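Hi there,

Here is the structure I promised to pass on, with a few notes on what sits around its ligands. Have a look first, then read on.

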Amino acid sequence: MPVDLIRTINRVGKWSVNRMIGRRRPLIAVFSLTHYCNFYCPMCPFGDADKEGQMRLARKNDLTTEQWKLIFDKVSKYCVWSIIEGGEPTSRPDFMELVRHLYGLKLPITLITNCSLLHKIDLDELKKYIQFITCSIDSVFEESYCKVRGVTPQAYQKVMENLELLNQHKVPHYFNSVITKFNTDEFVNQKYFERARELGVNSVSLTFVEDRSDVNYSLLPDRKTMIKVCESVLEHIKKGKYPQVMIPPLYFEQIIEHGRGVFDECGVWKSIFVNGNGTVMVPCWKYTSPENSYSLLEKSVEEIWSAPQWEITKTCHDCEVLGCVWYSSQPVTTFAQNYMRGLSKMINQQKPELVNAVTN
Ligand SMILES: C[S@@+](CC[C@H](N)C(=O)[O-])C[C@H]1O[C@@H](n2cnc3c(N)ncnc32)[C@H](O)[C@@H]1O
Ligand code: SF4
Ligand code: SF4
């Protein structure tokens with residue numbers, strides 16, 4: 001889908017005016033379509049082992065098709081880009097219908113998926129609606145993949161087959177890899193990059209795992225290993241070889257120097273993150289008390305973005321390495337230019353208009 005330039009410029013213009021008068025408003029929409037996921041990643045709350053319970057929860061609390069459409073309509077008035085994720089978004093039976101609706105609203109779409117169910121989807125239809133797919137492929141080698149994702153070698157094989165389907169159907173995609181203590185070797189010895197290229201991607205996004213606060217284990221590698229990973233990634237970036245790394249070198253340099261990403265004010269408010277039940281947590285998912293939860297079915301974006309809890313973002317630095325929070329917390333020029341240039345580089349053969357749409 002070509003990006004609607006006029007629409008994008010309009011939204012960014014309104015957003016900038018709000019910014020100038022000190023008003024926070026969202027620009028990127030993130031829809032967590034369902035509470036259900038078929039994977040068991042230990043780094044993620046949706047990796048819960050009780051899949052029957054999770055399915056029950058999803059049946060009870062997930063928004064209906066019509067409710068999601070209502071929310072898409074509300075949010076589309078503000079945002080220039082949408083991201084669909086979950087849980088596993090492709091597990092929803094109405095997945096394509098929802099994507100089609102977003103497409104009708106002229107919102108560019110990124111799908112984030114574990115890729116395990118892509119063989120059940122009409123990829124030729126999907127590629128008409130979305131800009132690209134973010135494939136969550138934390139490791140490109142079976143053993144570490146299975147550890148980070150908590151799945152069997154059969155699941156890994158299915159995902160690899162599905163990546164091949166994406167190549168065959170020419171669906172634009174890149175890898176997002178979360179670095180945990182289980183998969184550092186392939187980044188240190190750089191075999192990750194070689195294998196990712198063989199698997200057909202030109203770009204990768206790399207972020208260290210943000211440890212969960214609701215469990216008593218850590219998946220973050222030790223400091224020495226993190227430094228080795230960062231040095232190796234920086235060396236790869238310097239070589240200028242494929243696959244290109246979509247996260248700016250600054251992220252890795254800061255981790256080497258400070259042991260974490262650095263930012264003045266958290267920029268999580270630049271995205272509207274809608275949970276599977278239609279709620280928005282203000283300022284973010286880490287603040288779970290009921291008074292921080294606002295239903296987007298009942299309230300407007302204006303009302304929610306006027307909530308006093310957004311002030312927390314001025315001082316909270318709890319997210320130490322999470323790539324998306326780091327990104328959104330960089331000065332707006334770094335945020336917009338790097339992000340969009342990174343994305344557009346990846347797809348520049350297929351969709352050159354994107355480069356100009358957002359970075360100029
Ligand atoms: C929650 S998942 C939902 C979409 C889909 N199930 C998937 O795995 O792609 C969205 C993204 O968050 C990433 N993620 C999950 N837990 C994380 C954590 N603790 N730190 C950093 N990224 C995480 C996943 O790797 C994935 O790329
Ligand atoms: S596949 Fe995605 S949603 Fe599911 S447990 Fe893993 S990271 Fe979480
Ligand atoms: S830094 Fe704080 S406010 Fe920002 S996303 Fe992380 S926990 Fe939320």
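For the counts below, Ala, Val, Leu, Ile, Met, Phe, Trp, Tyr, Cys and Pro are taken as nonpolar, Asp, Glu, Lys and Arg as charged, and the rest, Gly among them, as polar. Please keep in mind that this is a predicted model.

Let's start with ligand 1. Its shell is made up of six nonpolar, six polar and four charged residues. Out of 16 residues around ligand 1, the nearest are Met 43, Gly 87, Ser 136, Arg 149 and Glu 210. On the polar side, a side-chain atom of Glu 88 is 3.1 Å from a nitrogen atom of ligand 1, and a polar side-chain atom of Asn 176 lies 3.1 Å from an oxygen atom of the ligand. Asn 114 uses a backbone N or O atom, 3.5 Å from an oxygen atom of ligand 1. Taken alone, ligand 1 exposes 550 Å², and the protein buries 87% of that. The elements giving two or more residues to this shell are β3 (109-113) and β5 (173-179).

Next comes ligand 2. Around it are Cys 37, Phe 39, Cys 41, Cys 44, Phe 46, Gly 47, Gly 87, Asn 114 and Arg 149. By class, that shell has five nonpolar, three polar and one charged residues.

And what surrounds ligand 3? The residues there are Cys 266, Val 268, Cys 284, Trp 285, Lys 286, Cys 316, Asp 318, Cys 319 and Val 325. They divide into seven nonpolar, no polar and two charged. The space that ligand 3 takes is the largest cavity.

Best wishes

How values were computed
Residues are numbered from 1 along each chain as its sequence is written. Chains are lettered from A and ligands numbered from 1 in the order in which they are written. This is a predicted model: local features need pLDDT of at least 70, side-chain atom pairs count only at pLDDT 80 or more; totals for chains, interfaces and linings use all residues. Side-chain values use heavy atoms; hydrogens and water are left out. A residue is near a molecule or strand if one of its heavy atoms lies within 4 Å of it. A polar contact is a pair of N or O atoms within 3.5 Å; within protein, one must be able to donate a hydrogen and the other to accept it, and residues adjacent in sequence count only if both atoms are side-chain atoms. Accessible areas come from the Shrake-Rupley method with a 1.4 Å probe; for residues, only the protein chains shown count as cover. Helices (H or I, at least four residues) and strands (E, at least two) are DSSP runs, numbered from the N terminus. On a 1 Å grid over the protein atoms alone, a cavity is a set of points where a 1.4 Å probe fits but cannot get out, and a pocket is an open set with protein on both sides within 12 Å along at least five of seven lines; lining residues have an atom within 4 Å of a point. A molecule sits in a cavity or pocket if more than half of its atoms lie within 2 Å of its grid points.
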